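Here are my notes on the model, as numbered points. Please read them with the structure open.

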Amino acid sequence: MDETQTITALAALAQSTRLQTFRLLVESEPDGIAAGELARRLDVPQNTMSAHLSTLTRAGIVVGERQGRSIIYRAELERFRAVVLYLLRDCCGGNPDLCAPLIEGLAPCCTNAGHAHEDNRNDRPNL
């Protein structure tokens, strides 16, 4: 991951509908969601959702796979992981005392073998 790729991914997420879309896709892992269902859930016209999905796909943080007549979209979690790691590289100048609270703050979203409880969604950090 380099600076340009990171900027592209962050720019793709820097819009409300695209950020909401990405969050829905993360929540739906590993199954993914059809483009039409994403549009319905976010109350966005299908052609607008298509444009947003294209932006996220070009940024490499979403991938679409044709299944019959639908395209199922999934979050590209390895790419997103690379973005986060790029941002955290040399975290706090390598000072573990400064970096530890940041890393600990990421842990609540990854408890219970990676499965968040529906009841605790408000406790999770926002993506």
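1. Overall pattern. Along the sequence the protein reads α-α-β-α-α-β-β-α-α. That comprises 6 helices and 3 strands. Both are DSSP runs numbered from the N terminus: helices are H or I with at least four residues, strands are E with at least two.

2. Ground rules. This is a predicted model, in which local features need pLDDT of at least 70, side-chain atom pairs count only at pLDDT 80 or more, and totals for chains, interfaces and linings use all residues. Residues are numbered from 1 along each chain as its sequence is written, and side-chain values use heavy atoms, with hydrogens and water left out.

3. Sheet order. The 3 strands form an open sheet in the order E1-E3-E2, with antiparallel pairing. E1 and E2 are the edge strands, each with a single partner, so one side of each has no neighbour in the sheet. Pairing here requires at least two bridges found by DSSP between two strands.

4. E1 with E3. Strand E1 (residues 33–34) runs antiparallel to strand E3 (residues 70–75), and 2 bridges join them. Isoleucine 33 sits opposite tyrosine 73 in E3.

5. E2 with E3. Strand E2 (residues 62–67) pairs with E3 over 6 bridges, again in the antiparallel sense. Valine 62 faces alanine 75 in E3. Arginine 66 stands opposite isoleucine 71 in E3. The hairpin of E2 and E3 has 2 residues between the strands, and glycine 68 takes a positive phi near 70 degrees there.

6. Helix on the sheet. Helix H2 (residues 16–27) lies across E1, E2 and E3. H2 runs at about 90 degrees to E3. Axes are lines fitted to C-alpha atoms, for helices over the stretch in contact, with angles from 0 to 180 degrees between N-to-C directions.

7. H1 against H5. The axes of helix H1 (residues 3–13) and helix H5 (residues 77–88) come within 10 Å and cross at roughly 110 degrees. That makes H1 roughly perpendicular to H5 (the class covers 65 to 115 degrees). On the H1 side, the residues that meet H5 are Glu3, Gln5, Thr6, Ala9, Leu10 and Leu13. Their counterparts in H5 are Arg79, Phe80, Val83, Tyr86 and Leu87.

8. Totals. Buried residues (under 20% relative accessible area, 1.4 Å probe, protein chains only) make up 26% of the 127 residues. Among contacts (heavy atoms within 4.5 Å) with a separation of 6 or more, 55% join residues 24 or more positions apart.

Technical notes:
Buried means under 20% relative accessible area, exposed over 50%, partly exposed in between (1.4 Å probe, protein chains only). Angles under 35 degrees count as roughly parallel, over 145 as roughly antiparallel, 65 to 115 as roughly perpendicular and the rest as oblique.
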